[in-house]
Amino acid sequence: MDFWQKEPSFKLDSEQISILLDASSYRAKLLSLIKNAKQRIVITALYLQDDEAGREILEALHRASNANPELRVDILVDYHRAQRGLIGEAQSEGNAALYLKLQQAHQNRVRVFGVPVKGKEVFGVLHLKGMVIDDTVLYSGASLNNVYLQYEQRYRLDRYFTIANQALADSFTQFVDDYLIASSAVIRLDVRPIKKLAECKSDHKALMKSLKRAKYPYVTSSDEGSIDSFLFLGFGRRGNMLNRAIKNLFELGEKELVLYTPYFNFPAPLLRVLRKKLKQGLKVTIVVGDKTANDFYISPDKPFSKIGALPYLYETILAKFLKLNDKFVQDGLLNVHLWRHDSNSFHLKGISVDNRYQMMTGHNLNPRAWGLDIENGILFDDSQGLLTDVLEQEKQQILTHCTKLNSYKELQTMHNYPEPVAKLLGQAKRVKVDFIIKRFI
């Protein structure tokens, strides 16, 4: 039973929902919305990077504020992620240096906040997605940097939805105001000095407690539409409404369950449901990035870093899953597609059930999203199939660069991996820490 039917829904027409098919279109749409904003811009993202694309977006936000002093412009990113350099690079002030530089240059109403989800980044980050620009919600799993926005040739493919609905936009904004900006533990990153997390321990504890109970507020609307939409928030393993909705979607499938995930590492509760549904004859289609399309992948001809072993670890998890479920692969019930396109990377997430239920989310369907990060998602209940054609178009566009796996034997094994990777994964397995690592990826 779909438990969300007890909740009030945001009514949408199919005309209010648009799907963009590539990163360059997403970048163009975002810049256009910013330029034409009249009342508010509220952005939540893991990070806004100090690179060409990140600076382009932040400069556009400052220009919009300068042109319209009444315009609200608030950006919320992860507190820890914003104050470090890229993995493998020298220690630095991170993206926060850019935020300060532009605020000092413009002296306007643009504000950049850091949200500290946990005491350390490794234990959980702000993974909320969605941008409100006036009465439009622009929803994607993408953060803001060169590769996510295809500033040059390379891109990191995601999913991109625009939803023109005031009530939905109001709900996103009200949540940000009531639970995040209102908290003294949510800290400005574009002023100095930046408050240390140690200085607001009690406020941070209160923030974490409130977020575990939080939900997006329902905003009444006079809109009428044939598509019911629901907003979900998820933080922590207990009482996590987004996790509950995802598991419920897996259980609801009668014809086909389509899953998009960049990092193949399903949490145990989802694996159990998948196994049960496959035994019942449900067709399951999984689209996942090839290890070379993982954003942590390092080419064997480049200097090795331990983080570069992650894509290979994900591949071993996928191979084990396929081997365990080989009967369903051979029967045509389990279909796994590996995405790979030149040197580009893959970051898609989402769930489709029987061409009726569509979950748009930043949730990676992995243990980290399940229990550590704070996540959100938008569920469409499209009982009349009004979105079927555009979603099928999106799916076919994605599958253009996919190869279907016919057996686990088509994947490489540790014997084929670069020596440093095989050595590191072998050590992790011998000392039995691989199962701990899997909880954090």
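A word on the model before we start: it is predicted, so local features need pLDDT of at least 70 and side-chain atom pairs count only at pLDDT 80 or more, while totals for chains, interfaces and linings use all residues. Residues are numbered from 1 along each chain as its sequence is written, and side-chain values use heavy atoms, with hydrogens and water left out.

Let's start with the sheet. It is open, has 8 strands in the order β2-β9-β7-β6-β3-β4-β5-β10, and its pairing is mixed. Strands here are DSSP runs of E with at least two residues, helices are runs of H or I with at least four, and both are numbered from the N terminus. Two strands pair if DSSP finds at least two bridges between them. At the edges sit β2 (17-20) and β10 (187-188), each pairing on one side only. Strand β10 pairs with β5 (residues 110-115) in the antiparallel sense, over 2 bridges, and in one of them Gly114 has Ile187 as its partner.

Now, which residues touch the most other members of the largest nonpolar core? They are Ile34, Ile41, Leu61 and Tyr99, in a core of 57 residues. By core I mean buried Ala, Val, Leu, Ile, Met, Phe, Trp, Tyr and Cys residues joined through side-chain atoms within 4.5 Å. Buried is under 20% relative accessible area, exposed is over 50%, and partly exposed lies in between, using a 1.4 Å probe and protein chains only. Helix α2 gives the most to this core, with 6 residues. There is also a second, separate core of 50 residues, including Leu242 and Phe264.

Next, the helix pair. The axes of α6 (residues 241-252) and α7 (residues 268-279) come within 9 Å and cross at roughly 10°; axes are lines fitted to C-alpha atoms over the stretch in contact, with angles from 0 to 180 degrees between N-to-C directions. That makes the two helices roughly parallel, a label for angles under 35 degrees.

Finally, the backbone. Most residues other than glycine have a negative phi, and most peptide bonds are trans. Here, the bond from Arg192 to Pro193 is cis, with omega near 0°. Asp134 has a positive phi near 55°, and it counts as buried because its relative accessibility is 15%. Asp354 also has a positive phi, about 55°, but at 23% it counts as partly exposed.

Note on methods. Parallel < 35°, antiparallel > 145°, perpendicular 65-115°, else oblique.
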